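Subject: Structure for your review

Dear colleague,

Please find below the structure that I am handing over to you. My notes on what was found in it follow directly after it.

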Amino acid sequence: MSANSNRHTASNADPGSQSGNAIEIADLSVWFGHGADRVDAVKSASFVLPRGASFGLVGESGSGKSTILRALTGLVKSWQGTMLVNGETLGRKRGKDFYRQVQMVFQDPYASLHPRHSVDQVLSETLSLHKFGDINDRVEKLLTDVGLGPQYRFRYPHQLSGGQRQRVAIARALAPSPSILLLDEPTSALDVSVQAEILNLLTDLREEQNLTYLMVSHNLAVVGHLCEQIAVMQNGEIVEILPVEDMRQLKSSHHYTQHLLEASMGYKST
Amino acid sequence: MTLLDVENLCVKFPTRSGVFDAVRGVSFSLGRERLGIVGESGSGKSLTGRAILRLIRHPGVVTANHISLEGENLLQLSERQMRKVRGQRISMVMQDPKFSLNPVMRVGEQIVEACLQHEKISRNAAKLKAIEMLEAVSIRDSERVFNAYPHEMSGGMGQRIMIAMMLIPNPQILIADEPTSALDVSVQTQVLGIMDKLVRERGMGLIFISHDLNLVSAFCDRVLIMYGGRVVETCQADKLYEAKHPYTQGLLNSMPRLDTPVKRLQVLKRDASWMDGDIASDSDASGKAIGRSV
């Protein structure tokens, strides 16, 4: 069974597939700490991602954009609200089925790969966790898919460049053939030339494997390149959701979005 | 007027598999202007900044025909004389304030320490100067910040404190190594504005090291583009988009832009000749520095 057909059977068996929404988040609040120390990181955020969409979350550091991803993947337990993935409501615990559909790529490829595990170990561990057969072929296919090729299979992270590591991290995320990828600043630790390669790879993969992206970034140009819908966050709240065309024409109704757009257009000497 | 003149600067690191040339023959001169150095990671831009201050540690080796600060060759100074140059005449702002400030010392103490190192004034006078400097970098409640610890500060605040600390001895040259890379875009413009204003008011020379081409082209007067330890191109910052060298063009094209969307980004195709080939330079931008009216 190829990776693609496997993903299809998974989504067809899913009762919520008719709704056409990959992710629905309604009234999500996330907090850290108790009592006086309580910090509300996300305050009643709501948004919907249709299947195959690409959605971006932008905002300054501390605005809660990564926290939404972490709550969705179950890395943060203290949340309230409704989260639906492929039509299924998420509970407190995430099962293996969930991680077969949703995978995450983290910001820093230097920190997200185990320094003493080879690329082969990283990928085959994920595959065996998800009970795949023919691991050998799959590892090679994954490496080819992300543009690395089988010759990188037995390398360790320190023998790879930053861009190559991020490719391995993407390959690991693709291993269970998910339908949704959560991208947490996937290119912010990379040089612009390498960033272009990774962004192109993400564009291609989305087309080939019909993936849904939920991407977090502070770089408006990167989000504008990859996403069709963009949510702007400030202090834990989504202040505006706008299509990318509006953002390109600097048409935004909220003053904070306007401020971010101006800041990202570059430094202006006064 | 030339403040700093660097000719044929090389930084080498001996390794088990031979000598690694991190910087290979960089030459430039700096006047009272804002000079940008851009390049990817590993292009040698940070090492160039550090080599000027002779901050390359053993086993790294720095060689150059000369690194002259107002005619004085820094390479011939003793370590003791060099210490008088660092901070007082050339100072440096590093990338991340989290790693540059002492975590167990109050912010104010650190600025006062920097001040007392370079000037023979009383502690009280130094404190007043430090608070004045904190106000100069747009920190509103400077008294509170003076008594705070670095972990109580945000990234942007920390970086402004670093700038305050570095500018307090009134150096002639400020080397800023990715000073805003760890900051959010909106804070970034604020910090740059402050740095720009101070550098301009005091008539300093600024070496601005960054990987962000857009930022450098908007912020600096002149840009050096580095690749593989060499300067491949020098150009006027506002003419960066007319750059001739294929590497510079490749870098510019590989950036996603909000105003001009493309389906696929152009990927940089590296050419072996960039390592040793000709250096493209704009005739009026290369060579001697152009003075900036203050």
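In chain B, strand β3 (residues 34-38) is joined by five bridges to strand β9 (residues 205-210), and the two run parallel. Strands here are DSSP runs of E of at least two residues and helices are runs of H or I of at least four residues, numbered from the N terminus; two strands pair if DSSP finds at least two bridges between them. Within this pairing, V38(B) stands opposite S210(B) of β9(B).

The model is predicted: local features need pLDDT of at least 70 and side-chain atom pairs count only at pLDDT 80 or more, whereas totals for chains, interfaces and linings use all residues. Residues are numbered from 1 along each chain as its sequence is written, chains are lettered from A and ligands numbered from 1 in the order in which they are written, and side-chain values use heavy atoms, with hydrogens and water left out.

Strand β3(B) is largely enclosed by the rest of the structure, because five of its five residues are buried (under 20% relative accessible area; exposed is over 50% and partly exposed in between, with a 1.4 Å probe and protein chains only). In a regular strand the side chains alternate between the two faces of the sheet. Here R34(B), G36(B) and V38(B) lie on one side and L35(B) and I37(B) on the other, and both faces are covered.

Also in chain B, the axes of helix α7 (residues 155-167) and helix α8 (residues 185-202) come within 10 Å and cross at roughly 10 degrees. Axes are lines fitted to C-alpha atoms, for helices over the stretch in contact, and angles run from 0 to 180 degrees between N-to-C directions. The helices α7(B) and α8(B) are therefore roughly parallel to each other (angles under 35 degrees; over 145 is roughly antiparallel, 65 to 115 roughly perpendicular and the rest oblique). The contact (heavy atoms within 4.5 Å) involves residues of α7(B) including I163(B) and L167(B), and residues of α8(B) including V191(B) and L198(B).

F13(B) belongs to strand β1 (residues 4-15) of chain B and is partly exposed, with a relative accessible area of 24%. Leaving out residues up to four places away in sequence, F13(B) touches several residues, among them F20(B), L47(B) and I56(B). The C-alpha atoms of F13(B) and V62(B) are separated by 9.1 Å, although the two are 49 residues apart along the chain.

Turning to chain A, an open sheet of four strands has the order β2-β1-β4-β5, with antiparallel pairing. Its edge strands are β2 (39-50) and β5 (88-89), each pairing on one side only. Helix α2 (residues 65-73) of chain A packs on this sheet and touches β1 (21-32), β2 and β4; the direction of α2(A) makes about 110 degrees with that of β1(A).

Elsewhere in chain A, helix α4 (residues 119-129) has buried residues that include V122(A), L123(A) and L127(A). Their cover includes α5 (135-145) and α6 (162-174) of chain A. Just after α4(A), K131(A) takes a positive phi of about 60 degrees.

Yours sincerely
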